[in-house]
Amino acid sequence: MKPARISRIIPDSIAAEMGFEVGDSIETINGLQPRDLIDYQFFCADEYLELEVIDKRGKKHFLEIEKEYDEDLGLEFETALFDGLIQCNNKCPFCFIDQQPDGKRDTLYLKDDDYRLSFLYGSYLTLTNLTAKEWTRIEQMRLSPLYVSVHATEAEIRSRLLKNHRAGEIKQQLAWFEEKRLQIHAQVVVCPNINDGKHLETTLLDLFSFHKGDIPAVISAAIVPVGLTKFRPDKDELIPVTPEKAREVIKQVQELQIEFKKKCGSTFAWLADEWFLIGKEELPPESHYEDYPQIGNGVGSIRQFIKEFQTIAQEKLPSKISTPKQFTWIVGNAVEKAFLPLVNRLNQVDNLQVNLVALNSRYWGQEITVTGLLTGEDLLYHLRDKNLAKNVLLPSVMLKHDEQKFLDDLTVEKVAKKLDINIFPVKDINHLFDRITE
């Protein structure tokens, strides 16, 4: 197990006052070696701490700290997992990791199935590789809610999808969460002709049966269409979701939503925005999404973005800017229709012209593409012969979180140079408005 290597010290924190430096590592806390960020936070809750620290030069130090209970030390780490990632042991044919070309950066091929990342960051796991020790830790440390890829509750169907005989234990595992008064958010990736139709209905009804009591074991469920790329393995049984299939699933789930709402007052099971984009149907109203319990699955993300845009626009968008400016705003073609009113609002500002360019991904071989999957190659292919405004607004969701690099490993700098444009990554709506009005 590696020591917890420090990547950042929060200014004016306990750690900053004590002289911690980036590159230092924490070996033990009160004699215990933390496995991960969860252990670190739990151990550091005490009022008195004895730390064994290895500084960035390799010298060992022993420190004593007295603080308020639960007061944070002010440290951030290179990784949340000090003992390494728990890898996935399933072979789901729809796994995005296996639908990528060879030869890209190593991190794109890491298949995690780690309950700790699920608890900390909301990533999805399958529960198939948990040992008895890990189940005990989840219970003892009350690691809830977790986010679970269910896909199907029928043992045969789920085992077929995950290519893992342990996958069929899902209903017993849900009963365990119910017994321990712990909770999950569920995800169902719909693969036509495998877990759709009557199987999808069975899955949602089974999940809803665990949505009862003051602490429901299943808080919510998201229904997501399978996403396929041209790099997926041959003979994988998978077929893409057609507009007709999307409308069929929308109708089926909306009928169940009415039933769920009557019984518990909540929609409970939500359709990802992609269903409506693929099916060319209107998105539900903002009120449909309640408190956005499945926003991480793209459930209501467009409605939330539009609401935030309109709210911030009232505060930040001027009626006029002093110098004429032109921008090109790049998005995936999945959101083109929804974003056109936003562009019209921007163009109401005198001296400002923003043109929306909505692209599909030739790189992945997709007709309909969400913004986050567009690559540098896609920009080069689609924009090469376009008469663009020189200044291009690029949602940073397309880029590696800590580097200006696309999913295909092309850099922003290289793409900008080849297209002879200025690319401005924008991380959110405030950043977007600041960029176009500054």
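Is Thr126 buried or exposed? At 7% relative accessibility, Thr126 is buried, where buried means under 20% relative accessible area, exposed over 50% and partly exposed in between, with a 1.4 Å probe and protein chains only.

Before going on, note that this is a predicted model, in which local features need pLDDT of at least 70, side-chain atom pairs count only at pLDDT 80 or more, and totals for chains, interfaces and linings use all residues. Residues are numbered from 1 along each chain as its sequence is written, and side-chain values use heavy atoms, with hydrogens and water left out.

**Stop 1: Thr126 and its loop**

Select Thr126 in the loop between α3 (115–121) and α4 (132–140). Helices (H or I, at least four residues) and strands (E, at least two) are DSSP runs, numbered from the N terminus. Show the residues in contact with Thr126, leaving aside neighbours within four places in sequence: Asn90, Asp113, Ser149, Arg158, Leu162 and Gln173. Contact here means heavy atoms within 4.5 Å. Next, pick the C-alpha atoms of Thr126 and Asp114: they are 8.8 Å apart, and the two residues are twelve residues apart along the chain.

**Stop 2**

Move to Leu127, in the loop between α3 and α4. Leu127 has a positive phi of about 75° although it is not a glycine. Its relative accessibility is 0%, so Leu127 counts as buried.

Now select Gln173 in helix α6 (residues 170–179). The side chain of Gln173 reaches the backbone oxygen of Leu127 at 3.5 Å. Gln173 touches Thr126, Leu127 and Trp135, not counting residues up to four places away in sequence. With a relative accessible area of 7%, Gln173 is buried.

**Stop 3: the cis peptide bond**

Where is Pro145 found? Look in the loop between α4 and β6 (146–149). The peptide bond joining Ser144 and Pro145 is cis, with omega about 0°.

**Stop 4: helices α7 and α8**

Two packed helices are described by the angle between their axes and the distance between the axes. Select α7 (residues 198–208) and α8 (residues 243–264): their axes come within 11 Å and cross at roughly 20°. Helix α7 is therefore roughly parallel to α8. Axes are lines fitted to C-alpha atoms, for helices over the stretch in contact, and angles run from 0 to 180 degrees between N-to-C directions. Angles under 35 degrees count as roughly parallel, over 145 as roughly antiparallel, 65 to 115 as roughly perpendicular and the rest as oblique.

The crossing of α7 and α8 is right-handed; a crossing is left-handed if the near helix is turned anticlockwise from the far one by less than a right angle, and right-handed if clockwise. On the α7 side, show Leu200, Glu201, Leu204, Leu205 and Phe208, which meet residues of α8 including Val249, Val253, Leu256 and Phe260.

**Stop 5: Ser220**

From there, go to Ser220 in strand β8 (residues 218–225). Ser220 is buried, with a relative accessible area of 1%. Which side chain does the side chain of Ser220 join in a polar contact of 3.0 Å? The partner is Gln294. Beyond four places in sequence, the contacts of Ser220 include Ile184, His185, Phe268, Trp270 and Pro293.

**Stop 6: helices α10 and α14**

Select α10 (residues 301–316) and α14 (residues 429–437), which pack at an angle of about 45° with their axes 10 Å apart. The two helices are therefore oblique to each other, and the crossing of α10 and α14 is right-handed. Show Phe305, Glu308, Phe309, Ile312, Ala313 and Lys316 in α10, which meet Ile429, Asn430, Leu432, Phe433 and Asp434 in α14.

**Stop 7: Asp409**

End in the loop between β12 (391–395) and α13 (412–419), at Asp409. Asp409 has a positive phi of about 75° although it is not a glycine. At 23% relative accessibility, Asp409 is partly exposed.

Methods. A polar contact is a pair of N or O atoms within 3.5 Å; within protein, one must be able to donate a hydrogen and the other to accept it, and residues adjacent in sequence count only if both atoms are side-chain atoms.
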